[in-house]
Amino acid sequence: MVSTDQPPAVVRRGTNLDRVGGFNDSVVLDAIRRAEQLLSRVELAASTGLSGQAISNITRRLLDAGLVREAGRQKNSGLGKPRTLLELEPTGQYAVGVHLDPAVVTVVVLDLTGQVVARRRADTEAIANSALEPDALIDGIAAMVEQVITEAGAARDRVVGVGIAAPGPIDVARGAVVDPPNLTAWNRVPLRDALRDRTGLPVLLDKDVTAAASAEKWAGGPHGRGSFVFFYLGTGVGAGLVIGDEVVRGTSGNVGEIGHVIVDPDGPLCFCGRRGCVGETSQPRYLVQQAVHAGVIAQGIDLDDRRAVDVAFATVCTAAAEAPGAAREIVAALAGRIAKVVEDIANLLDLERVVFGGPHWDRLAPFFGDSVRETLRERFLVRSVHPFDVAGTALGADVGAVGAASLVLDHTFSPNPSVLLLGPPESAPSGSRPAPAVNTAG
Ligand SMILES: [Zn+2]
């Protein structure tokens with residue numbers, strides 16, 4: 001017989017990021033953010049299930065806090081006085097997002113509406129040194145954070161925090177970057193606390209693919225709704241997940257490690273010791289090697305030279321776009337391998353969409369849309385119930401940094417805040433997972 005004992009409730013840590021105060025305030029802010037047209041207090045009450053009195057109190061508080069502003073009046077429908085409409089005040093809060101990629105650091109500032117209001121990008125080797133020594137790199141990131149806050153013209157007390165998107169695996173409890181394959185000097189570096197100490201701001205750390213999925217949810221428009229996988233193509237591949245409009249993190253915040261799914265048992269040897277992992281067979285290095293064998297590009301390229309490989313990779317993609325032939329077959333085979341992985345994820349989780357992005361996406365996009373869509377049209381098993389879409393991110397190279405910043409804003413808006421990755425526990429208010437909206441006039 002199945003035990004009727006309830007599993008222990010998932011206790012989530014609270015956050016000092018939450019300056020809005022109160023779960024219902026978040027519900028109302030989120031309703032204003034998501035609405036396709038401006039809402040009045042009466043409509044907010046209807047859409048949130050909160051009482052008129054509660055809405056009145058909450059909107060008063062949000063107006064006083066500078067998070068919401070009045071935006072004219074509704075056209076009078078004939079009865080009663082015209083209702084005042086509400087919208088977010090963009091300058092009400094700012095969030096900084098940092099994307100630490102082994103090759104490049106991107107830093108952005110988002111306003112409360114999720115718009116990028118400042119950005120900076122720099123090669124990691126230019127910030128630190130060729131070894132990417134952690135202290136030097138973190139110093140450089142902290143300086144970039146200060147620069148973008150200044151450029152955004154954001155009042156310091158309106159900057160609610162910094163989100164960092166870092167390559168996995170990460171140690172959520174310690175806010176540490178554990179041992180990423182392409183940052184060899186980084187072994188359990190406590191990046192979250194180091195950046196907090198340097199900037200004096202609350203800092204969250206999340207995995208790069210999870211941040212990218214969060215960005216899509218926030219700023220990706222229709223592609224960011226519902227249930228989808230964000231397939232990241234960069235230094236390694238990974239999958240970020242959003243299910244039912246919630247970012248999924250898994251047990252330890254390391255969801256999406258798909259890099260060692262085997263898609264070609266006769267493929268190249270991976271550092272994990274097996275052959276044909278999707279991560280290894282998606283690397284420019286492997287595609288360039290194939291192109292050399294096929295005579296698409298000349299022999300003699302140094303496959304350990306990242307820049308030389310990148311130039312050759314661009315050449316292969318250009319050749320593939322120009323005419324049928326060996327180059328196009330190489331890239332089409334890559335799309336086929338990735339389609340297989342997407343198919344399995346989509347069927348496992350009953351998703352409605354894949355969104356591709358990451359540093360390599362722009363070059364590969366022309367070869368993915370139709371072929372992946374065609375493959376999945378046949379293999380998506382619930383296609384008779386709902387379709388499966390293939391899309392590319394509209395957020396371009398900023399997607400990781402925008403996602404990192406949106407993790408911070410998420411705490412302002414989300415009725416079910418994601419696992420919090422910041423700060424010492426003693427600074428946190430009691431923080432169990434909140435219940436659905438409740439009618440208290442608080
Ligand atoms: Zn592997």
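What follows is a working chat about a predicted model.

User: Quick overview first: how many helices and strands does the chain have?
Analyst: There are 13 helices and 15 strands. Keep in mind that this is a predicted model.

User: And how much of the chain is buried?
Analyst: Of the 442 residues, 50% are buried. The accessible surface comes to about 19900 Å², and 52% of that belongs to carbon and sulfur atoms.

User: What share of the contacts join residues at least 24 apart?
Analyst: That's 64%, counting contacts between residues at least 6 apart in sequence.

User: OK, on to the metal. Which residues are the protein donors of the zinc ion?
Analyst: His260 through ND1, plus Cys270, Cys272 and Cys277, each through SG. These donors lie 2.0 to 2.3 Å from the zinc ion.

User: Why is the arrangement tetrahedral?
Analyst: The four donor atoms subtend angles of 103 to 118° around the zinc ion, so the arrangement counts as tetrahedral. The cut-off asks for all angles to lie between 85 and 135 degrees. For reference, the ideal angle for four tetrahedral donors is 109.5 degrees.

User: How are the donor residues spaced in sequence?
Analyst: The pattern is H-x9-C-x1-C-x4-C. His260 and Cys277 are 17 residues apart, and both sit in the loop between strand E13 (246-248) and helix H8 (278-281).

User: His260 and Cys277, then: which one is buried, and which one is partly exposed?
Analyst: Cys277 is buried, with a relative accessible area of 0%. His260 is partly exposed, at 31%.

User: What about Gly295, which follows H9?
Analyst: Gly295 has a positive phi, near 80°.

User: Change of topic: how many aromatic pairs are there in the whole structure?
Analyst: The search finds five. One of them is Phe356 with Trp361, with ring centres 5.0 Å apart and planes at 15°, so that pair is stacked. Both Phe356 and Trp361 are buried.

User: And how does Phe356 pair with Phe368, stacked or edge-to-face?
Analyst: Edge-to-face: the rings are 5.3 Å centre to centre, with 80° between the planes. That pair links distant parts of the chain, since Phe356 is in strand E14 (residues 353-357) and Phe368 is in helix H12 (residues 361-379), twelve residues apart.

User: Is Phe368 buried or exposed?
Analyst: Buried, at 0% relative accessibility. Phe356 also has a relative accessible area of 0%.

User: Which residues form the aromatic cluster?
Analyst: Phe231, Phe356, Trp361 and Phe368 form one cluster.

User: Which residue lies over the face of Trp218?
Analyst: Arg33 does, at 4.0 Å from the ring centre.

User: Last one: where does Thr59 lie?
Analyst: Thr59 is in helix H3, residues 52-64. With 1% relative accessibility, Thr59 counts as buried, because the limit is under 20%.

User: What does Thr59 touch, not counting residues up to four places away in sequence?
Analyst: Val28, Arg41, Leu44 and Leu86.

Methods
Residues are numbered from 1 along each chain as its sequence is written. This is a predicted model: local features need pLDDT of at least 70, side-chain atom pairs count only at pLDDT 80 or more; totals for chains, interfaces and linings use all residues. Side-chain values use heavy atoms; hydrogens and water are left out. Donors are N, O and S atoms within 2.8 Å of the metal (3.2 Å for Na, K and Ca); water is not among the atoms, so sites may look incomplete. Four donors count as tetrahedral if all angles lie between 85 and 135 degrees; four count as square planar and six as octahedral if opposite donors are over 155 degrees apart and all others between 65 and 115; anything else is irregular. Helices (H or I, at least four residues) and strands (E, at least two) are DSSP runs, numbered from the N terminus. Buried means under 20% relative accessible area, exposed over 50%, partly exposed in between (1.4 Å probe, protein chains only). Rings of Phe, Tyr and Trp (its six-membered ring) pair if their centres lie within 6.5 Å; planes under 30 degrees apart count as stacked, over 60 as edge-to-face and the rest as tilted. A charge sits over a ring if NZ of Lys or CZ of Arg is within 6 Å of the ring centre and within 35 degrees of the ring normal. Contact means heavy atoms within 4.5 Å. Accessible areas come from the Shrake-Rupley method with a 1.4 Å probe; for residues, only the protein chains shown count as cover.
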